[in-house]
Amino acid sequence: MKQFRDYFDCVPYLETERFMLVPFEKEDMKDYFDILRDDRVQKFLGGGVPLFDKEPHITNWLNNINEKLLKRKLVFTWCVKEKVSRRVIGRIDLGGFIKKTMAEISYHYVYDSWGKGVATEVAAKVTDFGIKELGLQRIQGLVQIENRASIRVLEKNGYLQEGILHHYPFGREFHDVAILAIVRVR
């Protein structure tokens, strides 16, 4: 089995039945920015995902997520694409690693994919990767309490709600958030 550190040479390719999880590339950025321009998507991001759709910001961001942050073993950031059409439909991250035992999952998707099992399918794959491949003991997610659909995504993947964090810094704003976690049982 690979060691934890060995996974950080590059963003690992993951796939599900309908989707592939790949590193972001420059040609993905227009579609990704279109997702971020949707107020329905931004509503649950806490104002924390800025729109940086000009150079040199794009190149800097790609270098950060695909090299600097990865090499420092801080986060995996995947571009989620439909297998058949290769259309960019979202992003999922696994990061904030603590002592190689714990991480946080976060994600967002194009609005027209909501309610179609996309987030559930992709979160299952990333959760499985974190627990089985990285050997994490715990993966947690923070979700605005108004975002019932996202809470259900994590619950369907075995995460249990542990509580509510009131007036919690979420992105650039403060919200009441549910904290959900899955813990590896030995």
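Because the model is predicted, local features are reported only at pLDDT of at least 70 and side-chain atom pairs only at pLDDT 80 or more, while totals for chains, interfaces and linings use all residues. Residues are numbered from 1 along each chain as its sequence is written, and side-chain values use heavy atoms, with hydrogens and water left out.

Helix H3 is a handy place to start. Helices (H or I, at least four residues) and strands (E, at least two) are DSSP runs, numbered from the N terminus. H3 takes in the 15 residues 57-71, which should span 21 Å at 1.5 Å a residue; the expected span is 1.5 Å times one less than the number of residues.

Part of H3 is tucked away: Ile58, Trp61, Leu62, Ile65, Asn66 and Leu70 are buried. Here, buried means under 20% relative accessible area, exposed means over 50%, and partly exposed is in between (1.4 Å probe, protein chains only). The buried residues of H3 pack against helix H1 (29-36), strand S3 (75-82) and strand S4 (88-98). Lys71, also in H3, counts as partly exposed because its relative accessibility is 45%. Leaving out neighbours within four places in sequence, Lys71 is in contact with Phe8 and Asp9, where contact means heavy atoms within 4.5 Å. Just after H3 comes Lys73, with a positive phi of about 60°. Most residues other than glycine have a negative phi. Lys73 is not a glycine; it sits in the loop between H3 and S3 and is partly exposed, at 31% relative accessibility. Lys100, in the loop between S4 and S5, likewise has a positive phi of about 60° without being a glycine.

Next comes the core. In soluble globular proteins, nonpolar side chains tend to be buried together. The largest nonpolar core in this model has 55 residues, and those with the most contacts inside it are Trp78, Ile92, Leu94 and Ile105. Such a core is a set of buried Ala, Val, Leu, Ile, Met, Phe, Trp, Tyr and Cys residues joined through side-chain atoms within 4.5 Å. Helix H4 (residues 118-133) gives the largest share of this core, seven residues. Beyond its neighbours within four places in sequence, Ile105 is in contact with residues including Ala123, Val126 and Leu154.

A pocket is an open set of points on a 1 Å grid over the protein atoms alone where a 1.4 Å probe fits, with protein on both sides within 12 Å along at least five of seven lines; lining residues have an atom within 4 Å of a point. Of the 39 lining residues, Phe44, Leu45, Ser106, Tyr107 and His108 lie nearest the centre of the pocket. Strand S5 gives the largest share of the lining, six residues.

Finally, Asn157 lies in the loop between H5 and S7 and is buried, with a relative accessible area of 14%.
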